[in-house]
Amino acid sequence: MTRRRGALVLGLACVVAVAGAWVWRTHQQGEANLAACGGVEPGGSRAEIIQILGAPTTIKANQAMTRVALTFTSPVLAEKPIRAVVNVRDDVVMEIDCGDGRIKTYDKY
């Protein structure tokens with residue numbers, strides 16, 4: 001009976017440790033996204049933002065296929081994802097949402 005209880009406690013401790021590591025990694029990735037977003041300005045090309053933030057995890061086009069929204073997150077669903085809207089016709093980044101309330105727009109269009 002005591003062995004079973006000890007194994008249960010050990011198993012529970014392992015689950016808590018893995019969950020804690022996952023939460024810490026997710027938070028670190030979110031903070032890295034925020035730091036990277038601070039140096040990105042709208043008005044550049046799609047290639048520039050991909051070079052800075054890496055490959056987007058999702059790409060969604062609007063119905064008219066004139067703009068695409070790129071979402072940059074970590075593979076483990078980082079908090080604070082970055083979203084960039086790109087004008088397809090001239091490949092210019094029109095809007096960047098840093099995930100923390102800062103939305104930068106390109107108004108020289």
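**View 1. Strand 2 and strand 3, with the strands on either side.** Strand 2 and strand 3 pair in the antiparallel sense over six bridges, where strands are DSSP runs of E covering at least two residues, helices are runs of H or I covering at least four residues, and both are numbered from the N terminus; two strands count as paired if DSSP finds at least two bridges between them. This is a predicted model, in which local features need pLDDT of at least 70 and side-chain atom pairs count only at pLDDT 80 or more, while totals for chains, interfaces and linings use all residues. Residues are numbered from 1 along each chain as its sequence is written, and side-chain values use heavy atoms, with hydrogens and water left out. Within this pair of strands, alanine 69 stands opposite valine 85 in strand 3.

**View 2. The whole chain and its sheet.** The chain has two helices and five strands, and from the N terminus on its elements run α-α-β-β-β-β-β. The five strands form an open sheet in the order 1-2-3-4-5, with antiparallel pairing. Strand 1 and strand 5 are the edge strands, each pairing on one side only, and the twist averages 20° from one strand to the next (axes are lines fitted to C-alpha atoms, for helices over the stretch in contact, and angles run from 0 to 180 degrees between N-to-C directions). Of the 109 residues in the chain, 27% are buried, a term that stands for under 20% relative accessible area, whereas exposed stands for over 50% and partly exposed for values in between (1.4 Å probe, protein chains only).

**View 3. The hairpin of strand 1 and strand 2.** Strand 1 (residues 58-61) and strand 2 pair in the antiparallel sense over four bridges, and they form a hairpin with five residues between them. Isoleucine 59 has leucine 70 of strand 2 as its bridge partner, and alanine 61 is bridged to valine 68 in strand 2. The loop between strand 1 and strand 2 holds methionine 65, which has a positive phi of about 60° although it is not a glycine. Methionine 65 counts as exposed, at 56% relative accessibility.

**View 4. Aspartate 91 in the loop between strand 3 and strand 4.** Aspartate 91 is found in the loop that joins strand 3 to strand 4, and its phi is positive, about 60°, although the residue is not a glycine. With a relative accessible area of 26%, aspartate 91 is partly exposed.

View 5. Helix 2 lies across strand 2, strand 3 and strand 4, running at about 10° to strand 2. Leaving aside neighbours within four places in sequence, alanine 84 is in contact (heavy atoms within 4.5 Å) with Ile49, Val68, Ala69, Leu70, Phe72, Val93, Glu95 and Ile96.

**View 6. Proline 42 and lysine 104.** Proline 42 is placed in the loop between helix 1 (2-38) and helix 2 (46-53), while lysine 104 lies in strand 5 (residues 103-105). Although these two residues are 62 residues apart along the chain, their C-alpha atoms are separated by 6.7 Å. Proline 42 is buried, with a relative accessible area of 13%, and lysine 104 is also buried, with a relative accessible area of 15%. Not counting residues up to four places away in sequence, proline 42 touches Val93, Met94, Glu95, Ile96, Lys104, Thr105 and Tyr106. With its neighbours within four places likewise left aside, lysine 104 is in contact with Cys37, Gly38, Val40, Glu41, Pro42, Met94, Glu95, Ile96 and Cys98.
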